[in-house]
Amino acid sequence: MDLSPVLTGFSVVFEPQNLLFCLLGVTIGMLIGVLPGLGPAATIAILLPITYNLEPVAAVIMLAGIFYGAQYGGTITSVLLKLPGEASTVVTAIDGHQLAKRGEAGSALGVAAIASFIGGTASIILLSLVAPALAGVALAFGPAEYTVLALIGIFLVGTLGSGSLIKSAAAAGAGLLLATVGLDPLLGTPRFTFGTDQLADGIDFVIVAMGLFGVGEILYNLEHRDRPQAAVPAFGRAIPSRVQWLRSRLAILRGSVVGFVLGILPGGGATMSSLVAYAVEKRSAKDPSRFGKGAIEGVAGPEAANNAAATSSFIPLLTLGIPANATMAVLFGALMLQGITPGPALMTEHPDVFWGVVNSMYLGNLLLLALSIPLIGVFVRMLKIRPGILAPITIVITMLGVYSIRNNAFDMVLAVALGLVGYAMRKLGFEPGPFVLAFVLGSLLEGSFRRSMRIFGGDVTEFVQRPLSATLVGVLVLTVVIIPVLRVVRARQVVRAAEPAEP
Amino acid sequence: MNPRPFTRRGLLAGAAAAPVAALAACNGVQGGADAAEDDFPTRAIDFTVPFDAGGSSDLLSRAVCLAAEEPLGQSIALANKPGANGAVGLKELVSGDADGYTLALAVKSLFAITPLVVDDPDAVAIDDFRIIATLTNEAYVLVVHADSPYQSLEDLVAAPSLNYGTAGVGTGGQLSLALLFGLAGTEATDVPFDGGAPAVTALLGQEIDVVSGSLAETMPQIEAGALRPLTVFSEERNVFLQDAPTATEAGYPVVVDQRRMVVAPSEVSDTVAGALVLAFEEARQDPDYQAFLQDNYMDVWEVDDVEARAHLSEAAELYAQNVADVGLALGDGS
């Protein structure tokens, strides 16, 4: 391939103005990532007017920085407060928060930052090399493939956490039901909207996550505030220990690949990638029972994956003009306002924009790593703040975040109501993770399945007649039926083999 | 007019722009309502975009508001308040103060198509608004994949069976194709997606046979040679796609388009509305705004309140009649 446009891209990045906006973008991104509920999409929309007077390249470099910077920042609240602001960091919260409780918050965040850096950087390299070729991957995934992918995801949700499988399944089922709220995606019939159009478009993920994790957890802790707080022993260093690094490094590599591939898919890619990365780590671990109790691989794999996915989600936008998620849609808008149409012609007509933005991500990731390591030391001190002070602050920020999604006060009421649900779930021993992930995947599953059935004329067997969806069905059967059955059979054999030895 | 200087809304706005709002409130006390109206606007204007950031309505609102700030002499603060094809944001506009400091973008489909799909007794109607400025007329274009065997509209409607993608229930794209295939008697299955971009993606991946979408969604792919336009659903050929015949030319009188406009609550006073109308008229002449329309393949629609109102109610009647003639059931509400 001709490398000159790539090199020109680097010279674009190193213009002082662009360097500055890259730094500005990633710093803003990291900060809003830390604030629970405030997402990159709302932030970019708020900052759009500022970009009117900027050069297109500088504007997009800054806005892109906010997007991937938020991925770094989001990990911090997920680990420290168990408050995931994005669907793709829900998985990180599970083991990350357990590590924080054990006093390993520093190294958990350190590993997360390094994993994010490696995942992000690996993804940019792959993007630069194969982006045009991979554009087709996004197109090969039709409704049928998304249906099977969402099904795989929903089954993987069951592997999360360390609690009872039945309770996880029940929580996931409730999440699927909540996903049906809103106008029917194919018929427009109102479902569970109680006659208000506030619920017509369904419920936003952030509202559900902030309600169940944020408000629910705080209510639960309020009840226990008289009890002496288990002292957090030490925060640990931000630099991971040798053992942690040895355990994480392969997880990071696997996560990067999983994230890059799934991130290309518009719709659910980043969430799926973190789930798949977690499942891969749990399955390949020698002792899977450590997962859910603070396994460092459970942080490293998904973090590498969601950052790799954040980067590769630029591929459909930059090569096909298809925004992969809400943030990409706002970025799409930013480019349009600058008179640049993202799409098949972008790479040839505006190579400076394409390569400038892509190459700025190397620098952005480096800056984020450099920012993260010292900042971790500051953020972990949050754990020292008395709950009586931290809880109200968290609630206020959470509510601001929820409001910012649609500028709608109704959503705050909804978050509080879901907070009560979260409190009840917590009391009864249900985990919110499976609930919110099933909620996210539920609408993907329903819409894709019903679209597939319309396209197939009602013939279910078409799912196994298309090569790609048939392959995915194979993966589904393998992971959900064959492997568990084999495991049970083997366990019985071990028991039988052990029996004669007993007296 | 509301003589009370300290309304709840005023206080809320004050939190955002305290000094300006405080001045405005003082004016209200000293000079009375009329004096305040004469030098309207004296503070920033809130503009609701009842759709998600990044979409056509959002981009158009940003472009026109940017151009209107100078003639108004005040800044315009945009906020996205999406939900139910704009109904959530517009209902809030209607229930708020009609002092001219709150405006919103509205789309034709909410008044002309949504009632055919969603049965909402509290739906906002065009009479709840004063149309400050009509902005654009955006055509729907029927596209097929470049590798598709269908070279013309005749080929397409003669197909034994088709799957067509749309941006969702109650969109102009859905209505246009449902009417076309209904008139032609083609056996076609409607596959609504969650927005225009996923529908175009599915067409690029040849999951579906045909899509009717806005030019903004389809033109980049048409120009790249990935999609082929077969017809446009407008009265006349589109300026950006001179070669594509209208459906009416081909013998199927289906005319569906999307139009966007700036609205205020209907009770807004004539003085205030006049000032706003003048400012937006000037904004529409702004070269940057016009370049934006060109870049986004949006045709202009610039008529007065009376004509716009007539167009919207005629379109609502026409669509209802069309749907009844063809015997369609759009969604479940009809």
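Me: What volume does the largest cavity have?

Reply: About 60 Å³ for the largest cavity. Keep in mind that this is a predicted model.

Me: What makes it count as a cavity and not a pocket?

Reply: A cavity is a space where a 1.4 Å probe fits but cannot get out, while a pocket is open. With a cut-off of 30 Å³ or more, the count comes to four cavities.

Me: Which residues line the largest cavity?

Reply: Among them are A:M30, A:Y72, A:L109, A:E303 and A:I376. A lining residue has an atom within 4 Å of a cavity point, so each of these meets that test.

Me: Which helices supply at least two residues of that lining?

Reply: In chain A, α4 (56-81), α6 (105-140) and α16 (351-379) each do. The largest share, four residues, comes from α6(A).

Me: How does the lining of the largest cavity divide by class?

Reply: It has seven nonpolar, three polar and one charged residues. A:E303 is in the lining, and Glu counts as charged, so A:E303 is the charged one.

Me: Now the two chains. How many residues does the contact take from each?

Reply: Chain B gives 39 residues and chain A gives 41 residues. The area buried between them is about 3200 Å², with carbon and sulfur atoms giving 59%. On the chain B side, B:R62, B:T201 and B:E207 supply 17% of the area that chain B buries against chain A, more than any other three residues.

Me: Why is an area used for the size of an interface?

Reply: Size is often given as the accessible area lost when the parts come together.

Me: Why is the pair of B:E207 and A:R466 called a salt bridge?

Reply: The closest N and O atoms of B:E207 and A:R466 are 3.0 Å apart. The cut-off is 4 Å between a side-chain nitrogen of Lys or Arg and a carboxyl oxygen of Asp or Glu, so this Arg–Glu pair passes. B:E207 sits in the loop between α9 and β7 (210-214) of chain B and A:R466 in the loop between α19 (432-455) and α20 (467-498) of chain A, so the pair joins two chains.

Me: How many residue pairs are in polar contact across the interface?

Reply: Ten, counting pairs with both residues at pLDDT 80 or more. Elements of chain B that each supply at least two residues to the side touching chain A include α3 (56-72), α9 (196-204) and β6 (188-192). The largest share, four residues, comes from β6(B). By class, the side of chain B that touches chain A has 20 nonpolar, ten polar and nine charged residues.

Me: What makes the backbone at B:P41 worth a look?

Reply: A cis peptide bond joins B:F40 and B:P41, with omega about -5°. B:P41 lies in the loop between α2 (18-38) and β1 (45-49) of chain B. Most peptide bonds are trans.

Me: And which residues other than glycine have a positive phi?

Reply: A:N407 is one of them, with phi near 55°, in the loop between α17 (387-406) and α18 (409-428) of chain A. B:A84 has a positive phi of about 55° too, and lies in the loop between β2 and α4 of chain B. Most residues other than glycine have a negative phi.

Conventions
Residues are numbered from 1 along each chain as its sequence is written. Chains are lettered from A and ligands numbered from 1 in the order in which they are written. This is a predicted model: local features need pLDDT of at least 70, side-chain atom pairs count only at pLDDT 80 or more; totals for chains, interfaces and linings use all residues. Side-chain values use heavy atoms; hydrogens and water are left out. On a 1 Å grid over the protein atoms alone, a cavity is a set of points where a 1.4 Å probe fits but cannot get out, and a pocket is an open set with protein on both sides within 12 Å along at least five of seven lines; lining residues have an atom within 4 Å of a point. Grid points are joined across faces, edges and corners, and a volume is the space filled by probe spheres set on the points. Contact means heavy atoms within 4.5 Å. Buried area is the accessible area (1.4 Å probe) that two parts lose on being put together, summed over both. A polar contact is a pair of N or O atoms within 3.5 Å; within protein, one must be able to donate a hydrogen and the other to accept it, and residues adjacent in sequence count only if both atoms are side-chain atoms.
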